[in-house]
Amino acid sequence: MGLKGKLISSVEVKCGGHLVHDIFHAKTHHISNISPSKVKSFEIHEGETVDVGSIVQWTYNDDGKDKTSKQVIEAVDHETKTITWKVIGGDLLELYDSFTIITSCDHQWTTWTFLYEKKTEDTPEPLVLLAYVLHVTKEIENHLLK
């Protein structure tokens, strides 16, 4: 079994992928209001918006425990509605040597891609985190459909 992994999952969003991309790019700070049981806070540490080079931090609830994920924005493509977030600090790096998250939104779909390298072969695949982000995506969709 290899230590490098890639997980991809897409979820249909009836509100349109462009609106989900807009939340993640321009209105990210609203996600903690949209999904308060999952996302506790979102802060921009460097930069003014979610843009290339910005450093951001999420505080989120995972199975009753508050966790953090500090990330640098590596890429933003408005044409393909894609954002690449590289984890540079927080709880994920206790299990993984590297972890990159790519959000891609088009038409009626939002796709999440995780690229990671596990610290050991015993480290679990990040399936729980994948289910978590899909759940938050559906909460964003429900918010946008109201």
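Trainee: What does Lys-119 count as, buried, exposed or partly exposed?
Mentor: Lys-119 counts as partly exposed, at 40% relative accessibility. Here buried means under 20% relative accessible area and exposed means over 50%, with partly exposed in between, for a 1.4 Å probe and protein chains only. This is a predicted model, in which local features need pLDDT of at least 70 and side-chain atom pairs count only at pLDDT 80 or more, while totals for chains, interfaces and linings use all residues. Side-chain values use heavy atoms, with hydrogens and water left out, and residues are numbered from 1 along each chain as its sequence is written.

Trainee: OK, and which side chain does Lys-119 meet in a salt bridge?
Mentor: The partner is Asp-97, with 3.2 Å from N to O. Asp-97 sits in strand 6 (residues 96-106) and Lys-119 in the loop between strand 7 (109-118) and helix 3 (127-145), so the pair ties together parts that are 22 residues apart in sequence. Asp-97 counts as partly exposed, at 46% relative accessibility. A salt bridge is taken as a side-chain nitrogen of Lys or Arg within 4 Å of a carboxyl oxygen of Asp or Glu, and the helices (H or I, at least four residues) and strands (E, at least two) are DSSP runs numbered from the N terminus.

Trainee: How many salt bridges turn up in the whole structure?
Mentor: The search finds five. Among them is the one in which the side chains of Lys-118 and Glu-125 meet at 2.8 Å, N to O; Lys-118 counts as buried at 2% relative accessibility, whereas Glu-125 is partly exposed, with a relative accessible area of 33%. Another joins Asp-22 to Lys-27, again given as N to O, at 3.2 Å. In that pair Asp-22 is partly exposed at 28%, and Lys-27 is partly exposed at 37%.

Trainee: What is Phe-114 in contact with, leaving aside neighbours within four places in sequence?
Mentor: With contact meaning heavy atoms within 4.5 Å, the partners of Phe-114 include Gly-5, Leu-7, Phe-99, Ile-101, Pro-126, Leu-129 and Val-133. Phe-114 also belongs to one aromatic cluster, which it forms with Tyr-96, Phe-99 and Tyr-116.

Trainee: And how many aromatic pairs are there overall?
Mentor: The whole structure gives eight. In one of them, the rings of Phe-24 and Trp-112 have centres 5.5 Å apart and planes at 85 degrees, so the pair is edge-to-face. Phe-24 belongs to helix 1 (residues 17-26) and Trp-112 to strand 7, so this pair ties together parts that are 88 residues apart in sequence. Rings of Phe, Tyr and Trp (its six-membered ring) pair if their centres lie within 6.5 Å, with planes under 30 degrees apart counted as stacked, over 60 as edge-to-face and the rest as tilted.

Trainee: Are Phe-24 and Trp-112 buried or exposed?
Mentor: Phe-24 is buried, with a relative accessible area of 4%, and Trp-112 is buried as well, at 5%.

Trainee: Let's do the backbone. Where is Lys-81 found, and what is its phi?
Mentor: Lys-81 is in the loop between strand 4 and strand 5 (82-90), and its phi is near 55 degrees, a positive value in a residue other than glycine. Lys-81 is partly exposed, with a relative accessible area of 23%.

Trainee: What about His-107, where does that one lie?
Mentor: His-107 lies in the loop between strand 6 and strand 7, and has a positive phi of about 35 degrees although it is not a glycine. His-107 counts as exposed, at 66% relative accessibility.

Trainee: Last one: how far apart are the C-alpha atoms of Lys-65 and Lys-146?
Mentor: They are separated by 29 Å, for residues 81 apart along the chain. Lys-65 lies in strand 4 (residues 65-77) and is exposed, with a relative accessible area of 54%.
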